[in-house]
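Here's a quick briefing on a protein chain, put together for someone new to reading structures. Keep the picture open while you go through the points.

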Amino acid sequence: MAGGASSCYASPLSDWLVAAACMSSGGDRLALSDNTCRTSRRRRTLLTKCSAFSSSSSSHGSAGLVSYSNSNALSSLFLESNNIYFNRKQRRLNQASTSGQVTLEMEKEAIINKKPPLESRRVVVTGMGVETPLGHDPHTFYDNLLQGISGISQIENFDCSAFPTRIAGEIKTFSTEGLVAPKLSKRMDKFMLYLLTAGKKALADGGVTEDVMAELDKSKCGVLIGSAMGGMKVFYDALEALKISYRKMNPFCVPFATTNMGSAMLAIDLGWMGPNYSISTACATGNFCILSAANHIIRGEADVMLCGGSDSVIIPIGLGGFVACRALSEKNDDPTKASRPWDSNRDGFVMGEGAGVLLLEELEHAKKRGATIYAEFLGGSFTSDAYHITEPRPDGSGVILCIEKALAHAGISKEDINYINAHATSTPAGDLKEYQALAHCFGQNPELRINSTKSMIGHLLGASGAVEAVATIQAIKTGWVHPNINLENPDKAVDTKLLVGLKKERLDIKAALSNSFGFGGHNSSIIFAPYK
């Protein structure tokens, strides 16, 4: 019977059925527990029953697993009337159970032993790509930020005269030529087009030519670019078409509306077969994707990752939705003055659109191919406020915990941080609560400088963290931090000594923190530093 037990655990479907039955009675950790021998009598009985089913099923092959309606073994899991069958087999099944536990423990040990040493795999940034209201490449984008130029203006994409908010960080000109096939450009949502073009620009910026691409191990190359809102325009158009007939709907409306499809399409285009998915954590999406991508490299699951975020919802339903929840600024008469983080006259955030993508690479992999290294990714963290749908936790404990965990993950002290690219969206409550958390963690550092990129491009939602990561890395590269424009009458609760002023400032960055927070209480902090 020992041989029978081994064969049943070798079947993935049988293994899944065993796990499912155990989990249904609260025994989800039973098979992998270090204390298996000391489990309760009830759990041991359940495991024995699970093994009975698996052993019997394995003797009939996959057909027996599928045609389970007449299986005595399956009945023994759920029908007490089959206790006679169970008792007759109990001794042999106990042996099978023990063998199965040993097999699983051996597999677990083997997996642990195969893990690469985490401390030996460093993650660096070797390429960047953006689509923003202030430029379509990292250099133009950051030069405009340093000059204090605002990308916020009147919305031109549609007639919004009936809305109380008529301004946004809208991308006025955009081209996919040479990067996306014309047929796809007509069908895809803008969030996907921004994602694809920014992703390919990051590759080009990272020196990934056709020759380099041919040498990459595609199974160790992944894409993790998320979106907060996904293809809202594609979905909105489909709803309008449905009012006429389903036959009028875009056949790609479902796949092109989902948040994962941008990453999927980029991976298909590149032939990259490593980790590929998206994360959607509202306005913290970009940071979540960057940290998760870095962790794939740290764990040895990938050598190269394209990561970041993309969003485009400056459309009637997007604007109307944020107006309805009273989140937007209504300073329509002077758009460039509307986004004003930490200023006492702030009245809400300004919507923006675009994408930011980083090319992350394992250090030795980057050095081997002679890549230019812009900065090193040191670490980061996620936490949840667990408090409110849209409001920050009053005591700031969720943000403080996130920052402290990020520092621990990066292996640095709070004194090492001297630049922070804040989330600061220009909302009355959000700006102040984040500032208080930052002052709590770093307020004693006289070198600390804090700014908000959103003062010039607005809030790019799921793309904001990724675009601000690009700004943070550019600050490390250039030694200049951009101004906080419109900070004319600072909130009385804010100490301006910590904030960058109305002009750019020179700063030799030791380590930089970039924050992003999202509806639902999602907190994220990521840390970059000069590569040494």
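This is a predicted model: local features need pLDDT of at least 70, side-chain atom pairs count only at pLDDT 80 or more; totals for chains, interfaces and linings use all residues.

Zooming out, the protein chain has 19 helices and 14 strands, and buried residues account for 54% of its 532 residues.

**More on the largest pocket**

- This pocket has a volume of about 620 Å³.
- Its lining counts 36 residues, and the ones closest to the centre are Thr390, Pro392, Thr427, Gly430 and Phe519.
- Helix H17 (428-442) gives the largest share of the lining, with six residues.
- Helix H16 (397-410), H17, S13 and S14 each put at least two residues into the lining.

**The second largest pocket**

- Here the volume is about 330 Å³.
- What sits nearest the centre of the second largest pocket? Among its 21 lining residues, the answer is Asn157, Lys190, Lys233, Ser312 and Ile315.
- Its lining splits into seven nonpolar, four polar and ten charged residues.
- Helix H8 (182-187), helix H9 (190-205) and helix H11 (232-242) each bring at least two residues to this lining, and H11 has the largest share, with three.

**Strand S14 and its partners**

- Strand S14 covers residues 522-529, and seven of its eight residues are buried.
- S14 runs antiparallel to strand S8 (residues 375-384), and eight bridges join the two.
- Look for Phe517, which stands opposite Asn523 in S14.
- S13 and S14 form a hairpin with three residues between the strands, and in this hairpin Gly520 takes a positive phi near 100 degrees.

**A closer look at Ser514**

- You'll find Ser514 in strand S13.
- Is Ser514 buried or exposed? Its relative accessibility is 0%, so Ser514 counts as buried; the cut-off for buried is under 20%.
- Leaving out neighbours within four places in sequence, Ser514 is in contact with Asn287, Asn421, Glu468, Ala469, Thr472, Ser524, Ser525 and Ile526.
- Ser514 and Gly465 are 49 residues apart in sequence, yet their C-alpha atoms are 7.6 Å apart in space.

**Nonpolar cores and contacts**

- The largest nonpolar core has 49 residues, and Phe141, Ile290, Leu358, Leu360 and Phe528 touch the most other members.
- Apart from that core lies another one, of 34 residues, including Met188, Val208, Met213 and Leu266.
- Not counting residues up to four places away in sequence, Leu358 touches Val125, Gly127, Met128, Ile290, Met305, Leu306, Cys307, Ala469, Val470, Ile473 and Phe528.
- Across the protein chain, if you take contacts with a separation of 6 or more, 79% of them are between residues 24 or more positions apart.

Definitions and conventions. Residues are numbered from 1 along each chain as its sequence is written. Side-chain values use heavy atoms; hydrogens and water are left out. Buried means under 20% relative accessible area, exposed over 50%, partly exposed in between (1.4 Å probe, protein chains only). Helices (H or I, at least four residues) and strands (E, at least two) are DSSP runs, numbered from the N terminus. Two strands pair if DSSP finds at least two bridges between them. On a 1 Å grid over the protein atoms alone, a cavity is a set of points where a 1.4 Å probe fits but cannot get out, and a pocket is an open set with protein on both sides within 12 Å along at least five of seven lines; lining residues have an atom within 4 Å of a point. Grid points are joined across faces, edges and corners, and a volume is the space filled by probe spheres set on the points. Ala, Val, Leu, Ile, Met, Phe, Trp, Tyr, Cys and Pro count as nonpolar, Asp, Glu, Lys and Arg as charged, and the others, Gly among them, as polar. A nonpolar core is a set of buried Ala, Val, Leu, Ile, Met, Phe, Trp, Tyr and Cys residues joined through side-chain atoms within 4.5 Å. Contact means heavy atoms within 4.5 Å.
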